[in-house]
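Have the sequence and the structure open as you read.

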Amino acid sequence: MASAAAISSSISSRSLLSRDSKVALIASIRHPEPSIATSAASGGPRLRRMLARPCCAVEPTKRNDSVVPPAAVAEAANAAVGEEATAPSAAVDYEELNKALENASPLEIMDRALDMFGNEIAIAFSGAEDVALIEYAKLTGRPFRVFSLDTGRLNPETYRLFDAVEKHYDIHIEYTFPDAGEVQALVRSKGLFSFYEDGHQECCRVRKVRPLRRMLKGLRAWVTGQRKDQSPGTRANIPLVQVDPVFEGIDGLGSLIKWNPVAGVEGKDIWNFLRTMNVPVNSLHSQGYVSIGCEPCTRPVLPGQHEREGRWWWEDATAKECGLHKGNLKQDEAGKLGTNGNGVAAANGVDGTVDIFETQAIVNLSRPGVENLLKLEKRQEPWLVVLYAPWCRFCQGMETSYMELAEKLIGSGVKVGKFRADGDQKPFAQKELQLGSFPTILFFPKNTSRPIKYPSEKRDVDSLLAFINALR
Ligand code: SF4
């Protein structure tokens, strides 16, 4: 067992190499001249959205050098941070960091990610060849967490792989599940295979995107197995590290960091690595499956066919994202899809865009309804109203918290509403409702018609509740 002092020393890739001879084999997918640097933020408005704070709230202490502990119980306090660890309060320019990592190996990138974020980062494991990420994490010698989305529609082989991986690495995968009520509503109204008729986005939203969103809200960073060669249409430009353009972390939108350590690695090299390291793999791969998702939406591909041709084969080949990596789609592609960025198919919106904030706890206000609120000098109950556009990713980003808030406020004496304020309604909302950008949140107090605009960009439940409680 290594001493605490040895453990607390910086883990350079060199020390990793010497510690585990297997790692030498990684050279097959390592770029020369690794160069990793964290650059301090230079500040300024242009960079603001790209800056996010790594956790490093954990002290540079020690880590277990000999055992990879059960992932779910890995403790941040025991997570090592290397000599180059960023100070807790320092902002990091992730565009610069991405450039600096250009020549780093996946192992080095993984090491840097785990080093920076300790217990507040988790690896997303789909049950396919992204088991490579877990192997890299193990090779860093650092504690790590793994989560997986159990959609309820996976192949039996995938569940068996989960079990094998847990045993092989002595970890507990943090499974996340869809909301039972949402699945029930979808299946009862549309049946078990609605995705073959009206697209996979709605089902993916319920079974994957929302559970993922809930999971990510508890993290500062996540690691994915996305690779550029997986989808020429949507993944050709994915960076090694980026501020997540779609999902929120603990501190809201713009605070979550997404690491893609194998972005630049080709599928064949991942497979060489998996074979060499002798790790468990999904037995579906030996039956011709390459990219593996849910059972009804995945099929084997023929030699020469692209791997994504085995996913949602009845849909447009250039837009095969389930919503988990929706940020890969360019705006015009998302528009063509008629999706709202949450992976919702065009089905029930006035312009083909599916609505958001759909729960009985939120009143859908029409223009006359909002005009009434503006007229009433005295109302029985105060109102909280979001002015939104369903295609706006910031509105999508606050969907879960706003819906949760609305559920919490049932019976509290505060009504919660939404008003779609794009299109024809925009000039009215700008003039009468202080709409500057989407989303705008207004509180209509009991005794005055004049709404008070929520001033913050924090849109988590607690912040919104504090705002309401201060005014009600
Ligand atoms: Fe539903 Fe298919 Fe998406 Fe799985 S991949 S969540 S079954 S649409």
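What follows covers confidence, the ligand site and a few local details.

This is a predicted model, where local features need pLDDT of at least 70 and side-chain atom pairs count only at pLDDT 80 or more, while totals for chains, interfaces and linings use all residues. Residues are numbered from 1 along each chain as its sequence is written, and side-chain values use heavy atoms, with hydrogens and water left out.

First, confidence. The protein averages a pLDDT of 76, and 70% of the residues score at least 70 (pLDDT is the predictor's confidence in each residue, from 0 to 100). Helices (H or I, at least four residues) and strands (E, at least two) are DSSP runs, numbered from the N terminus. Confidence is lowest in helix H1 (residues 4-8), at a mean of 33, and highest in strand S3 (residues 121-124), at 98.

| Stretch with pLDDT under 50 | Contacts beyond four places in sequence |
|---|---|
| residues 1-89 | 184 contacts |
| residues 330-352 | 57 contacts |

Now the ligand. Around the ligand (a heavy atom within 4 Å) you'll find Arg153, Phe195, His200, Cys203, Cys204, Arg207, Lys208, Cys294, Cys297 and Trp312. Helix H9 (residues 201-216) supplies the largest share of that shell, four residues. By type, the shell has six nonpolar residues, one polar and three charged.

Next, the aromatics. The structure holds 15 aromatic pairs (ring centres within 6.5 Å, with planes under 30 degrees apart stacked, over 60 edge-to-face and the rest tilted). One of them joins Trp391 and Phe438, edge-to-face at 5.9 Å centre to centre and 85° between the planes. That pair links distant parts of the chain, 47 residues apart: Trp391 is in the loop between strand S12 (383-388) and helix H13 (393-397), and Phe438 is in the loop between helix H15 (426-432) and strand S14 (440-444).

Phe438 turns up again in the backbone: its peptide bond to Pro439 is cis, with omega near -10°. Pro439 is found in the loop between H15 and S14.

Key:
Contact = heavy atoms within 4.5 Å. Nonpolar A, V, L, I, M, F, W, Y, C, P; charged D, E, K, R; others polar. Phe/Tyr/Trp six-rings, centres within 6.5 Å; stacked < 30°, edge-to-face > 60°.
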